[in-house]
Amino acid sequence: MGPMTDLGTPTFLPPDQADLAVRLAAPRGYCAGVDRAVITVEKALDLYGSPVYVRKQIVHNKHVVADLESRGAIFVEELDEVPSGETVVFSAHGVSPAVHTDAAERGLKTIDATCPLVTKVHHEARRFATDDYDILLIGHEGHEEVEGTAGEAPENIQLVQSPADVPNIVVRDPAKVAWLSQTTLSVDETMDTVDAIRERFPLLLDPPSDDICYATQNRQLAIKEIGKDADLVIVVGSANSSNSVRLAEVALEAGAKAAYRVDDAGEVDLAWLEGVRTVSVTSGASVPDSLVVGVLELLSEHGYPDAEAVHTAEESLIFALPPELRRDLRAAGKS
């Protein structure tokens with residue numbers, strides 16, 4: 001990203017204001033799994049007091065993490081950083097069985113905030129492995145969700161990151177191959193990889209239901225709609241948020257002239273607005289809407305009109321809090 005521009009001294013001349021438009025994706029921002037995970041940490045802090053440890057970032061957004069840290073959450077990379085007997089929350093991205101075993105051996109009180117849609121993929125991995133399938137997991141190496149899913153059946157699972165990996169796949173029986181995917185990928189990109197795999201293995205078995213989560217799909221459909229003829233797309237989300245990064249890529253594929261991902265309004269370079277008439281704005285599934293509001297206010301300060309919300313889907317799904325937390329809240333009369 002280039003150097004930031006002083007927000008008080010714009011270096012561009014905006015077009016005639018009558019020609020300007022700002023379109024806002026709906027839905028955007030928090031999904032049910034992220035909302036559940038963040039509330040889990042907040043309620044754990046309220047119930048047990050500080051500190052509450054969290055393995056990895058609870059969700060991939062630096063502002064959310066900083067806010068929870070200010071309330072007393074301590075984020076760690078691995079469980080050996082958590083003192084014996086303390087409370088630790090597992091992030092929305094999920095963990096492998098080995099992590100659960102390690103926590104039990106170290107006497108840690110665990111609260112599993114894994115998104116239920118990720119848990120579904122874990123169940124599918126175990127089922128395919130029980131039936132002795134080779135499992136091709138489509139995803140990004142090093143991503144926490146991929147590591148957690150792969151840990152469910154490490155002897156059966158191999159990672160496939162793109163169609164370029166397909167020629168190098170080695171399986172025991174071409175008639176017993178199944179695929180799963182990371183839930184936050186681009187739908188189109190995932191299906192391109194699946195098609196390439198199926199060319200090599202025509203008997204490829206699909207998961208019982210789509211692994212790409214509903215929120216990821218809805219946000220990608222929304223940005224396709226408002227990004228296809230946009231001069232500029234701004235995606236609010238952190239760099240380690242896979243679904244946020246994908247949104248910027250999907251916008252460009254849909255026809256946007258330019259697309260940038262920013263953590264907040266402070267990362268918007270005013271040079272991007274040079275000659276731009278139509279700006280489309282969205283946010284990843286782990287982004288508080290206050291950060292989107294900040295971007296809209298910045299645009300308003302520089303001559304752009306109020307945003308027009310473009311609705312492409314309605315979301316009403318709510319996930320229950322983790323059972324171990326619900327039990328303790330009931331016992332404390334706070335349910």
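**Exercise 1. Which residues does Val89 touch, not counting residues up to four places away in sequence?**

*Solution.* The model is predicted: local features require pLDDT of at least 70, side-chain atom pairs count only at pLDDT 80 or more, and totals for chains, interfaces and linings use all residues. Residues are numbered from 1 along each chain as its sequence is written, and side-chain values rest on heavy atoms, with hydrogens and water left out.

Step 1. Locate the residue: Val89 belongs to strand β4 (residues 87-90). Helices (H or I, at least four residues) and strands (E, at least two) are DSSP runs numbered from the N terminus.

Step 2. Apply the contact criterion, heavy atoms within 4.5 Å. Val89 then touches Thr40, Val41, Val52, Tyr53, Val54, Arg55, Ile58, Ile111 and Ala113.

Step 3. Assign the burial class. Buried means under 20% relative accessible area, exposed over 50%, and partly exposed in between (1.4 Å probe, protein chains only). Val89 has 0% relative accessibility and therefore counts as buried.

**Exercise 2. Determine how the axes of helices α1 and α2 are oriented, and identify the residues of their contact.**

*Solution.* Two packed helices are described by the angle between their axes and the distance between the axes.

Step 1. The axes of α1 (residues 32-48) and α2 (residues 62-71) come within 10 Å and cross at roughly 10°. Axes are lines fitted to C-alpha atoms, for helices over the stretch in contact, and angles run from 0 to 180 degrees between N-to-C directions.

Step 2. Angles under 35 degrees count as roughly parallel, over 145 as roughly antiparallel, 65 to 115 as roughly perpendicular and the rest as oblique. The two helices are therefore roughly parallel to each other.

Step 3. Helix α1 contributes Val38, Val41, Glu42 and Leu45 to the contact, and α2 contributes Val64, Leu68 and Arg71.

Step 4. In α2, Val64, Val65 and Leu68 are buried. Seen down the axis of α2, the buried residues fall within an arc of 95°, so they line one face of the helix; the arc is that of the directions from the helix axis to the C-beta atoms. Their cover includes α1 and β3 (73-76).

**Exercise 3. Where do the cis peptide bonds from Ala26 to Pro27 and from Ser50 to Pro51 place their prolines?**

*Solution.* Step 1. The bond joining Ala26 and Pro27 is cis, with omega about 15°; Pro27 lies in the loop between β1 (21-26) and α1.

Step 1. The bond from Ser50 to Pro51 is cis, with omega near 0°; Pro51 lies in the loop between α1 and β2 (52-55).
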